Amino acid sequence: MVEAIIGLLSDFGDRDYYVSAMKAVIYGINPRALLVDITHKVSSGGIYEGAFLLWQASRSFPRNSIFLGVVDPGVGTERKGIIVESERHIFVGPDNGLLIPAAKRDGILQVREIVNEKYILERSGTFDGRDVFAPVAAHISRGVPLEEFGPPLTTYTEMDLPKAEVKDEEVKGVILHIDDFGNLVSNIPIKEFNDWRRGEDRFLLELHGRERVIILASSYEEMGRELAIIPGSSGFMEFSLRRRSAAEDLGVRVGETIHLRRASHF
Amino acid sequence: MVEAIIGLLSDFGDRDYYVSAMKAVIYGINPRALLVDITHKVSSGGIYEGAFLLWQASRSFPRNSIFLGVVDPGVGTERKGIIVESERHIFVGPDNGLLIPAAKRDGILQVREIVNEKYILERSGTFDGRDVFAPVAAHISRGVPLEEFGPPLTTYTEMDLPKAEVKDEEVKGVILHIDDFGNLVSNIPIKEFNDWRRGEDRFLLELHGRERVIILASSYEEMGRELAIIPGSSGFMEFSLRRRSAAEDLGVRVGETIHLRRASHF
Amino acid sequence: MVEAIIGLLSDFGDRDYYVSAMKAVIYGINPRALLVDITHKVSSGGIYEGAFLLWQASRSFPRNSIFLGVVDPGVGTERKGIIVESERHIFVGPDNGLLIPAAKRDGILQVREIVNEKYILERSGTFDGRDVFAPVAAHISRGVPLEEFGPPLTTYTEMDLPKAEVKDEEVKGVILHIDDFGNLVSNIPIKEFNDWRRGEDRFLLELHGRERVIILASSYEEMGRELAIIPGSSGFMEFSLRRRSAAEDLGVRVGETIHLRRASHF
């Protein structure tokens with residue numbers, strides 16, 4: 001038996017037994033698996049949000065980790081179950097785009113459809129996380145070759161996380177995620193932002209058609225009481241308020257567009 | 001030392017150190033134990049709800065799993081601590097009915113009272129989860145025979161999950177559980193429902209004295225905007241709304257009664 | 001490789017991938033580590049609350065457990081990262097007082113600053129939990145001697161949990177914690193309370209300038225509908241309401257002062 005890390009991400013929440021059912025199935029197949037919950041609080045059916053979190057989390061996992069991603073509003077339909085092998089990791093879950101951004105960053109080597117009934121449980125129809133994806137991930141962690149599970153797929157559901165548009169006069173970005181502190185994680189890469197700002201540390205943020213001045217901070221402690229822009233642990237620029245939720249204060253949601261300009265332009 | 005799966009269920013929530021205290025005690029006795037949280041968000045003192053979740057979750061666990069169930073409003077009183085051995089699993093917790101429905105489904109082999117001080121910690125009086133049930137579960141996982149912990153009990157607190165009443169003209173059921181998505185899990189078994197419906201796919205649901213038409217769906221994707229009845233991963237019929245909480249929409253709580261009739265009857 | 005228990009406490013919540021990133025880093029270094037979540041729902045930046053929970057939880061962990069405590073509003077500033085070795089455990093986290101009460105109870109043997117870049121990852125600047133504390137805890141769990149990580153510190157940020165003042169006519173205490181049930185955990189030790197009460201079982205509780213009569217109970221079941229004082233599993237006296245939240249009912253917050261007098265005095 002092999003020690004292998006399996007990261008789990010879903011929208012199952014923590015009031016139900018669903019996550020435990022997946023883990024029990026995995027341990028039943030590979031008691032040496034090392035299970036790590038990423039989060040089970042993705043918004044219900046939030047494929048886009050789940051894709052972002054999986055993409056972020058997987059960066060910190062060691063090579064050859066396996067990911068079980070189950071944000072799956074199409075469960076019970078004809079949507080396929082897939083295995084995606086990237087240069088670094090293996091991802092198991094529904095063919096709805098959820099697994100793709102994380103796998104694409106590392107480089108996709110192959111995508112396979114899960115069809116071999118030998119490695120899955122009797123299907124209930126509404127819980128492929130337990131019946132299909134958990135046993136497949138567990139068998140992979142024991143070294144079953146990916147060819148065993150099903151044929152290669154050349155067509156699968158694509159997904160790209162949106163890229164920030166950096167022009168000289170402004171950066172146009174999107175809020176990719178709101179964390180538990182209420183920090184707004186944008187899609188503006190720290191490096192691109194630093195190149196663009198040319199030493200400026202005050203900016204105009206346009207959001208919901210309203211502009212406000214924000215200050216660049218390098219740590220949470222350094223922020224004053226005003227909204228700050230700060231390089232985040234995600235590798236992206238984040239918008240934060242000290243000890244308060246920027247998301248609540250600004251009324252922002254995931255997916256909203258922001259415009260950022262250098263304040264000295266005006 | 002032995003690898004054994006221990007499933008944990010409680011109403012301790014996740015803001016406190018209580019669950020970690022139980023796990024630390026278990027690992028101190030058996031570092032090879034495989035711990036799986038079922039949920040710690042059973043409503044405070046919700047023995048009935050906890051019994052349902054334990055009953056559901058335990059189906060997916062491999063044979064010889066051990067369960068630690070601590071929904072225990074009677075802690076500190078004379079209520080006993082018990083070990084219940086079923087055909088498949090071993091359950092440890094308070095003698096208040098919590099463990100019984102899960103154990104009864106598999107067939108109860110024996111029930112023992114926990115009395116041997118050798119296997120428990122000094123009692124604080126209000127935290128038998130840590131002081132009694134966790135160490136007992138851990139010692140069981142290391143192979144200590146059940147006779148060691150105390151004498152057999154012939155009388156213990158019974159509990160039955162309510163059974164649906166299936167008559168030709170209607171099915172009378174109860175909402176056993178509301179999941180994190182707001183789906184209503186009934187006590188109507190899928191198989192009995194399918195026999196009863198005789199090909200019908202539209203039904204009248206009576207709830208709170210009000211009737212509404214509902215449609216049978218076979219997957220969440222297949223549902224329209226209306227309330228649907230759908231075979232659930234629990235083995236029971238569930239009531240669902242697409243991407244919304246049926247529980248909130250209908251104002252339903254666990255324990256409420258529903259009546260279901262075939263729409264073509266009317 | 002060595003089996004070692006690592007207890008994790010943070011204010012990261014459970015909607016983000018942050019906790020999983022720390023765990024993935026740990027397993028990457030020591031796949032035999034036994035990870036136990038204490039809680040990740042400390043209030044954002046709540047060093048005092050985190051210190052209390054770490055202090056409580058660590059009592060139940062076996063000797064030689066390692067604790068990773070990350071409530072770290074100063075991340076990204078010059079605040080140091082430290083390792084605290086006590087008579088029983090090893091604590092890793094920021095130098096802001098968080099780790100001190102737990103370590104002091106057992107007796108502090110040494111405090112070291114974390115400086116050796118060999119044992120830490122490239123820093124993002126805002127996530128030392130992943131980049132510094134997780135790898136250090138993991139290397140300690142594999143047996144790397146503490147001297148390896150950095151020089152001893154003679155000055156570090158102190159913290160003491162407040163002590164109750166016991167006079168004959170009254171006990172003055174503080175609410176240290178509110179648990180998930182809404183029970184109020186005070187800083188009045190059970191033993192000191194029992195010596196002080198001299199057989200009395202009715203008391204006057206003064207809170208927010210208002211007095212109310214409360215009854216001593218020895219278990220939750222024994223309580224009536226009124227507010228009770230009860231010896232808690234924490235080793236302290238707690239204030240509880242049966243099946244309701246005492247915190248909500250009284251409008252109490254962590255840190256508030258209470259006065260307790262024997263009712264027969266009046």
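Predicted model: local features only at pLDDT ≥ 70, side-chain atom pairs only at ≥ 80, totals over all residues.
**Exercise 1.** Find how many residues of chain B and chain A are in contact, and which residues of chain B lose the most area.

*Solution.* Start with the counts: 30 residues of chain B touch 28 residues of chain A. Next take the area, which is about 2500 Å² buried between the two chains, with 55% from carbon and sulfur atoms. On the side of chain B, the most area is lost by B:Asp180, B:Phe181 and B:Ser233, together 24% of what that side buries.

**Exercise 2.** Identify the salt bridge between chain B and chain A, and check it against the cut-off.

*Solution.* The rule finds 1 salt bridge across this interface. Its partners are B:Lys41 and A:Asp14, with N to O at 3.2 Å. The cut-off is 4 Å, so the pair qualifies. The interface also has 11 residue pairs in polar contact. Strand S2 (34-39) of chain B is among the elements that give two or more residues to this side, and S2(B) gives the most, with 6 residues.

**Exercise 3.** Describe the side of chain C that touches chain A, beginning with the salt bridge.

*Solution.* A:Lys41 pairs with C:Asp14, the closest N and O atoms lying 3.2 Å apart. Helix H1 (residues 18-29) of chain C supplies the largest share of that side, 8 residues. By residue type, the side of chain C divides into 11 nonpolar, 9 polar and 8 charged. For area, C:Arg15, C:Tyr17 and C:Thr126 supply 26% of what chain C buries against chain A, more than any other three residues.

Note on methods: Residues numbered from 1 in each chain as written. Chains lettered and ligands numbered in written order. Heavy atoms only, no water. Contact = heavy atoms within 4.5 Å. Buried area = accessible area lost by both parts, 1.4 Å probe. Salt bridge = Lys/Arg side-chain N within 4 Å of Asp/Glu carboxyl O. Polar contact = N/O pair within 3.5 Å; in protein donor to acceptor, adjacent residues only side chain to side chain. Helix = DSSP H or I, 4+ residues; strand = E, 2+ residues; numbered from the N terminus. Nonpolar A, V, L, I, M, F, W, Y, C, P; charged D, E, K, R; others polar.
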